[in-house]
Amino acid sequence: MAEEQTDTTVTDPDAADEAVETQVDEARDGIVEGFRRELGDAVVASEIHPGQDLWIRVTADAWRSAAEAARHALGARYFCFLSVIDWLPSPYGRSMDAAVDLELARQAGEEPSVPSSELQHGVTGGDTRFQLLARVADVGRPGEFWGVTLKADLGDDLTVDSWVPVYAGADWHEREAWEMFGVTFTGHPGLRHMYLPSDFEGHPMRKEFPLLARMVKPWPGIVDVEQMPGADDEAADESGDAS
Amino acid sequence: MTAGTDRQKLQYIAARAADARVNVELETEGMTLNIGPQHPATHGTLRIVARLDGEQVIAAEPIAGYMHRGYEKIAEVRTYAQVTTLVNRIDWLGSFANEVPFILAAERLMEVEAPPRATWIRTLLFEMSRIANLILFLGDMGVQLGAITPVFFAFRDREYVLDQIERVTGGRFHPNFDRIGGLKDDLPKGWLEDTKRVMDKVRTFCDEIEDLLMGSEVFQERTRGIGVIPPDVAVQYGLSGANARASGIDWDLRRDACVGLAYPEVDWKVWTHPDGDSFARFWVRLQEVREATRIIDQLADGVPSGPVMAKVPRIIKVPAGEAWVSTENPLGEMGYYVVSQGDLTPFRLKIRSASFNNVSITPWLLRGVYVPDIVTILASLYFILGDIDR
Amino acid sequence: MTSLLGLELAYWQSTLIRVLAGLVAVLLLTGGVVYLYLFKFVSFMQSRLGPMEAGPYGSLQLLAEVGKWLQKEDIHTEDSDRLIFGLAPAVVLSSTFLMFVVIPAGPDLVIANLGTGIYYVLAVSALSVLGILMAGWASANKYALMGALRAGGQLIAYELPMVLAVLGVVIMAGSLNLQDIVQAQATGEIFGISAIGNPFILTQFVAFAVFMIAVQAELTQTPFDMPIAESELVAGYQVEYSGIRFLVYFISEFATAVAFAAVASTLFLGGWALPASWGLSDGVMNVVGPILVATKAVLLVGVVFWTRFSFPRFREDQLQRLAWKVLIPIALANILLTAVFKVAF
């Protein structure tokens, strides 16, 4: 097991003893330094989980220059993915969760939290509802592999420079982000629908877009769960993970 | 990488120059050919709209989405345990491999570690699903080229592998066997010995394919120098897995960023090929199947004893946080970006599937090729529709 | 009055008997070949059983298939040219059956003993291109059109090496008549040994190889099946055909395979004849001959199918390159050498 849990948020005392604040990921520190050198103040925040991963948040204006810096200056030539996170808590609350799970959680004394209406940003924080999310990596040199997840807050106009001139592979990912979230990428060669019919209206991956199938018929619904003969008690236990 | 680059460049330039000559000499009126969504070459429902000049492609535009199932959206209302059922169906030929990175990402957020035995069995099944998946590729490549016999051998020998997967997980295609913190069950008795016997059969199959298909002059004529992807283009488009390695990029997540799997414990090799053409992609995958049998043999010898499940709460609530875990799946890099806000369900799940990137190169790659080469190039890029339309 | 097997019959009577007997023989042979190779031989190659339900070991499967095709609705595309669309399979099928007219199965068993026999065979076999082009154009389908054009280019390209390969045999036999070619092989001798006659495969092995490759291409079988290339063109010129019209294509595909194999066995393997030195009478040969030529033809069809199910397919330009840059020069060199040796010895 190469994986090491050395994050500062570790609560397990055993793991924390050996690792808290002692482990410094020099390689990843160097990458953050590299981005700061190239982009200056445009790097808003960064977070390193030593031995695991690296996040860097840049301003939306510097979105393309971040890609250029990553590709040309730092050597992350490999484009992994590009997407968007909608941080709005679901306006439908928990109403679309499966009834079985809610019931199970209630039995276990774990009342599902009612999500607050405030935006709760994740790693590296954020200010706006929509956040760009992309990952690039340096590949091809054995032993020197590293990757970075780049983030950027999107302004209200939901417009940002396209990455296609830097990473040609961003083409389809940006089309997907455009159709699923309504983010416009300036400089993209053709923002067409990727998956949906060309006359589709709305942006399905936004949180306020209802998952209609769930709204019409709760799934799986407690009535759908067939009890095993003579296993009345266990059935409830099992259906949670073995559905 | 450097060894192949000059050769690739020359091949590429020569091919483009020849095409340009033909275009000037024999300019004809264009025609639009719609390939798919129902077409034998698209194994699934990928549609390609090709603008043709004679039999030469001027522009090709793949159109996906005929099978899009919205897993990223559905995952937001499903518990972590239920998501594995969904992701099983992304690359349906190597289902178990789809579960692993998601489970690993959830484990990372929960700070749970699977016990060593579970890790080894995961790695075993991971490689088994790689074999089950790639065997079919090796046979299917023949079908796309008109040789229908290899695919029957492929189906025959894949069945042995699927039988073994079924004996452990109960499912041939969709095992849904991985759990946060370990595995659902332990291995059945005698399974490891049988698996090693199956690996012998798989190696024999590889030899057969090498003789019957790869050794054929016609096969080489059809694939050598066709669909050449230079390494810098490959990484730009995010090609991963065998497609990248066939362009000479020495990169394998199993070796370079192995998370929570037992690859560092075994002795194996990353195969690359400098040419970047359809043949190279076939060759690399063939070697990968052989390498996978070697990995499985070694793993089967050293499975540690112990439990297969760590202590996890009965109701899985994942602490708030974000995690990205990707693994080297049969089709390439498959990763999940899991955003949790401490609930029963993921807040956002970004699925990075290999085929989506691998196929996004086709408009660039298909420009200037002939209609028959569309088929070989698509087959050699090897995509699963479920992996494009998540 | 003509005589057929010792019976005195009117000309129309003997013609009718010959044509009917020929049709029955051809269809039986074709059906046998389909069962033997397409259903069973290939299945065993591909580690499966093939049809097992209809009849003993699935031997009646073909009848079931034909019954199925006959019942199917006759579909054509809206924009298709219906007359041409319907006519095309008939053209292909008649080209096939016309080939059998001159192939001898015994001293007297030939429908028409033409003086220019082999020339006639090659000419009528080329007619099928016409039917295929008609089918491709009339289907109003791009795949069909591309398939038909590929077929056009391919069949014409491979006509040439085939003719040139046959020329070697013609030089050896000194005749275009197929009966004469058979006799030449039966009565010939190699290095003074006449025990096995002189099947031209022994001296014309280059021509035989060229001929069989060209046959493979003429039959549009893998590795030369671009006109119907399933994974690219779905089914090429046959894509819009179903039911009885497809059945006609199906029959003609396999009957043509039998026809070419019969021609090849006549030209290279001695045809119906046994070596003349064995001294068998014509009466015996009229019974043994058909069995001999059918066996040889079926074996050669086996070679065609063996190849078909072993190889991937070429690309169109590679196929043309093979014809023009390899096969034709080889065939020409073979003619030259044959002529030199013929004059020298």
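This is a predicted model: local features need pLDDT of at least 70, side-chain atom pairs count only at pLDDT 80 or more; totals for chains, interfaces and linings use all residues.
**Stop 1: chain A as a whole**

Start by showing chain A on its own. You'll find seven helices and seven strands in there. Walking from the N terminus, the elements come in the order α-α-β-β-α-β-α-β-β-β-α-β-α-α. Chain A has 243 residues, and 49% of them count as buried. Now think about which parts of the chain meet: among contacts in chain A with a separation of 6 or more, 62% are between residues 24 or more positions apart.

**Stop 2: strand β4 of chain A**

Select residues 130-138 of chain A, which is strand β4.

One is strand β3 (residues 78-86) of chain A, joined to β4(A) by eight bridges and running antiparallel to it. Another is strand β5 (residues 146-153) of chain A, also antiparallel to β4(A), and again with eight bridges. Strands of a sheet pair through backbone hydrogen bonds, either parallel or antiparallel.

A:Leu133 is a handy place to look at both pairings. Opposite A:Leu133 stands A:Ser83, and in β5(A) the bridge partner of A:Leu133 is A:Lys151.

**Stop 3: where chain A meets chain B**

Bring chain B back into view beside chain A. The contact draws on 74 residues of chain A and 62 residues of chain B. The size of an interface is often given as the accessible area lost when the parts come together. For chain A and chain B that comes to about 6,100 Å², with 54% of it on carbon and sulfur atoms.

There are five salt bridges between these two chains. To see one of them, zoom in on B:Glu61 and A:Arg175, whose side chains meet at 3.5 Å, N to O.

**Stop 4: a three-stranded sheet in chain B**

Stay with chain B and look for an open sheet of three strands, in the order β1-β2-β3, with antiparallel pairing. Which strands sit at the edges? They are β1 (30-35) and β3 (56-63), each of which pairs on one side only. From one strand to the next, the twist averages 20°.

Select β1(B) together with strand β2 (residues 47-53) of chain B: six bridges join them.

**Stop 5: helix α7 of chain B**

Now select residues 191-214 of chain B. This is helix α7, with 24 residues, and it reaches 32 Å from its first C-alpha to its last, close to the 34 Å expected at 1.5 Å a residue.

Colour its buried residues, including B:Trp191, B:Leu192, B:Val198, B:Met199, B:Phe205, B:Cys206, B:Ile209 and B:Met214. What covers them? The cover includes α5 (116-144), α6 (149-169), α8 (217-223) and α12 (278-301), which belong to chain B too.

**Stop 6**

First pick B:Thr84, in helix α3 (residues 80-87) of chain B. Is B:Thr84 buried or exposed? Its relative accessible area is 2%, so B:Thr84 is buried. Leaving out residues up to four places away in sequence, B:Thr84 touches B:Glu99, B:Phe102, B:Ile103, B:Asn176 and B:Asp178.

Then go to B:Asp387 in helix α16 (residues 385-388) of chain B. B:Asp387 counts as buried because its relative accessibility is 1%. Beyond its neighbours within four places in sequence, its contacts include B:Ile90, B:Asp91, B:Leu331, B:Met334 and B:Phe356.

**Stop 6: where chain B meets chain C**

Finish by showing chain C next to chain B. Here the contact takes 34 residues from chain B and 23 residues from chain C. Together the two chains bury about 2,500 Å², and 59% of that is on carbon and sulfur atoms. The salt-bridge count between chain B and chain C is two. For one of them, select C:Arg315 and B:Asp373, where the closest N and O atoms are 2.8 Å apart.

Terms used
Residues are numbered from 1 along each chain as its sequence is written. Chains are lettered from A and ligands numbered from 1 in the order in which they are written. Side-chain values use heavy atoms; hydrogens and water are left out. Helices (H or I, at least four residues) and strands (E, at least two) are DSSP runs, numbered from the N terminus. The expected span of a helix is 1.5 Å times one less than its number of residues. Buried means under 20% relative accessible area, exposed over 50%, partly exposed in between (1.4 Å probe, protein chains only). Contact means heavy atoms within 4.5 Å. Two strands pair if DSSP finds at least two bridges between them. Axes are lines fitted to C-alpha atoms, for helices over the stretch in contact, and angles run from 0 to 180 degrees between N-to-C directions. Buried area is the accessible area (1.4 Å probe) that two parts lose on being put together, summed over both. A salt bridge is a side-chain nitrogen of Lys or Arg within 4 Å of a carboxyl oxygen of Asp or Glu.
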